[in-house]
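Here is a short report for a reader who is new to this structure. Look over the sequence and the model first, then read on.

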Amino acid sequence: MPDPSFLLLQSLNGLTYAMFLFLIASGLSLIFGILGILNFAHGSLYMLGAYFTHQFVSLFVDAPGQFWWAVLFASLTVAALGAAIERFFLRHLYAREELYQLLFTYALVLILADFAKVIWGTGQFSVSRPALLKGAVPILDQYFPTYNLVIIFLGPCIAFTFWFTLLRTRWGRKIRAAALDREMLSSLGVHVNRLFTVVFFIGAWLAGLGGGLVSPVSAIVPGMDVEVIINAFIVVVIGGLGSFWGTFLGSLIVGQVYALGILVFPRHSLAFIYVLMALVLIIRPWGLLGRPLQR
Amino acid sequence: MSKEKWILSVFILLLLCIPLTESRFYVFLGTDILIFGLFAVSLNLLLGYTGLVSFGHATYFGIGAYTCALLMKKASVPFPLAFAAAGALGAISALIIGFFCIRLTKVYFAMLTLAFSQIVWAMAFKWNSLTGGDNGFVGVPFPQFLDSNVLFYYFTLGIVAGSLFLLRKVVNSPFGRILTTIRENPERTEFIGIHVKLFQLVAFMISGFFAAIAGGLFGIFNHSVFPDILFWPASAEVLIMTLLGGIYSFFGPVVGAAVLLFVRMQVTSYTEHWPVILGFTLAFLLFFFPGGIIGFLQARFARPGVNR
């Protein structure tokens, strides 16, 4: 039996990871829920968020709060890119079958990954943590990085804001209506096309934000796009596609399974998470908190 | 003989003559194209004929490759038996996975097939003692009676031609017609008294069987099997081949496989930026030529009586 303080620490690590996953998966789930598109390029947007943050950090050297400004600008750039992709390309594929939309987002994966390689090469980058959060906090008899603690608090804040916007604001109501019946919404006089661009903007922003915030914790490397999209994908499958709280729950589960599973089955924690996904798929194919839905 | 049969006969003759060039390159490329051609046609039985977007087809290809290679190398099973076992295991795993997947439709179906394919990938990736994990399973020999590239090429040609012949029988049979009906409108097909899910499941199984046959050939051809062939980009690649050739034509996917593999071989000898070229080609195809190469040619030189 490992030391309880070590278990707690490992669990906190899992929680940090869960919050990153949540940021990415919630964007993926939002875009799927509203636009009906499974966006493979979501991982690429996350990767770009990380690379842009690295770029902006080196641009804003010595400015106060450089890291936060860099993350903000990077995520907004990614969001603008996402909105442009929706506006100029994806929009023309809505009338087509799912296959075309799926493969178009895959084409984006290929293109964006290669662009990143051309611009930033194949080397590793890392971003240093913001000056204020460089330290560590003592927890029981271990130390936990302050930055990770902030991420753990930031996650639920973003989740709550998000949930509040969707449920209690006019925009949120329109977005939920678009998920149910886009034709009806359009005949009620809502500019559905613009709404879709906004949704994609928000989704891409969340991916960019995830990439930006993760940059001080893990290395920025080519291939992080394909890796993260699969994890985000597992989260939404477990939680339920298009379900907001399902995504949150899915992130927590996946984060904890990765962090604690590695203690129990050091070599099989990867398989462990897939088995969990398989069980969910077999028992509740629509996910833990999703609704059985036939389109 | 119809025009199509003429074209086919000429093609088969040409394929038979490839080893006469005595070029290792063309024999290699030819084998590669035949294997992936069969793989893509097996996928198209689901995609073009039944209207099911499977995003995890590499699973059955990979299962076929691992089964055949592992049985031959680790259990010293003779090749014909190992090869048959590969097909059988492909069909069985497709039956099991298909059973869960066909309960869902459209994107949900695609996601579920993808999820299962990732599970199989994780198993192959982590099960070091059996599959060699990330390092792959290497040193798979040619079977004794096929111990040269040319012989193996002819063997592949025979197997692929036979499989395509059978698959063509399937799609032109009443069973195949019902699959097309399901593609066009599953609800109405249900109304005329057809058990849609059962037909979809059988199509899934047949498709998995032939994908595993192609995979079995691929493992021997490469003398090794790596978990990469099970990873999700591999499933995307075969979808691209199929779409590139044309999903509404029986031989379209073979054309797609041939063009993609040939162009890739040429391009990668000049530049390392093949992904970006593939990405742009794919996007261009999706927007402007949704019918693929064959679809485009048919629209351009429309002939009456062409099998859609």
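The contact between the chains draws 30 residues from chain A and 32 residues from chain B. This is a predicted model.

L103(A) touches L239(B), I240(B), L243(B), L282(B) and L286(B), leaving aside residues up to four places away in sequence. The largest nonpolar core holds 194 residues, and within it I24(A) and L103(A) touch the most other members.

**Helix pairs**

Two packed helices are described by the angle between their axes and the distance between the axes.

| Helix pair | Angle | Axis distance |
|---|---|---|
| α2(A) (residues 42–59) and α4(A) | about 20° | 10 Å |
| α3(B) (residues 58–74) and α10(B) (residues 196–222) | roughly 50° | within 6 Å |
| α12(B) (residues 252–268) and α14(B) (residues 292–300) | about 115° | 7 Å |

Start with the pair in chain A. The angle between α2(A) and α4(A) is about 20°. The two helices are therefore roughly parallel to each other. Their crossing is left-handed. From α2(A), the contact uses S44(A), M47(A), L48(A) and Y51(A); from α4(A), it uses L108(A), V109(A), L112(A), A113(A), A116(A) and W120(A). These residues divide into 9 nonpolar, 1 polar and no charged.

Next comes the pair α3(B) and α10(B). Their axes cross at roughly 50°. The helices are therefore oblique to each other. The crossing is right-handed. On the α3(B) side, the residues that meet α10(B) include Y60(B), F61(B), G62(B) and I63(B). On the α10(B) side, G208(B), A211(B), G215(B) and F218(B) are among them. The contact residues divide into 12 nonpolar, 7 polar and no charged.

The last pair also belongs to chain B. α12(B) and α14(B) pack at about 115°. G252(B), V255(B), G256(B) and V259(B) of α12(B) make the contact with G292(B), I293(B) and I294(B) of α14(B). The division here is 4 nonpolar, 3 polar and no charged.

**Two buried residues**

Is G62(B) buried or exposed? It has 31 other C-beta atoms within 10 Å, so G62(B) is buried. G62(B) is part of helix α3 of chain B. Leaving aside residues up to four places away in sequence, G62(B) touches V120(B), A124(B), G215(B), I229(B) and L230(B). G215(B) is also one of the α10(B) residues in the helix contact described above. G62(B) and V225(B) lie 163 residues apart along the chain, with 8.1 Å between their C-alpha atoms.

A18(A) sits in helix α1 (residues 4–35) of chain A. With 27 C-beta neighbours inside 10 Å, A18(A) counts as buried. A18(A) and V235(A) are 217 residues apart in sequence, yet 9.4 Å apart in space, C-alpha to C-alpha.

Most residues other than glycine have a negative phi, and most peptide bonds are trans. Which loop holds S76(B)? S76(B) lies in the loop between α3 and α4 (79–101) of chain B. The phi of S76(B) is near 50°, a positive value in a residue other than glycine. S76(B) has 8 other C-beta atoms within 10 Å, so it is exposed.

H223(B) lies in the loop between α10 and β2 (224–225) of chain B. Its phi is near 60°, a positive value in a residue other than glycine. H223(B) counts as partly exposed because it has 13 C-beta neighbours inside 10 Å.

Definitions and conventions: Residues are numbered from 1 along each chain as its sequence is written. Chains are lettered from A and ligands numbered from 1 in the order in which they are written. This is a predicted model: local features need pLDDT of at least 70, side-chain atom pairs count only at pLDDT 80 or more; totals for chains, interfaces and linings use all residues. Axes are lines fitted to C-alpha atoms, for helices over the stretch in contact, and angles run from 0 to 180 degrees between N-to-C directions. Helices (H or I, at least four residues) and strands (E, at least two) are DSSP runs, numbered from the N terminus. Angles under 35 degrees count as roughly parallel, over 145 as roughly antiparallel, 65 to 115 as roughly perpendicular and the rest as oblique. A crossing is left-handed if the near helix is turned anticlockwise from the far one by less than a right angle, and right-handed if clockwise. Two residues are in contact if their C-beta atoms, placed from the backbone, lie within 7 Å. Ala, Val, Leu, Ile, Met, Phe, Trp, Tyr, Cys and Pro count as nonpolar, Asp, Glu, Lys and Arg as charged, and the others, Gly among them, as polar. A nonpolar core is a set of buried Ala, Val, Leu, Ile, Met, Phe, Trp, Tyr and Cys residues joined through C-beta atoms within 7 Å. A residue is buried if 20 or more other C-beta atoms lie within 10 Å of its own, exposed if 12 or fewer, and partly exposed in between; C-beta atoms are placed from the backbone.
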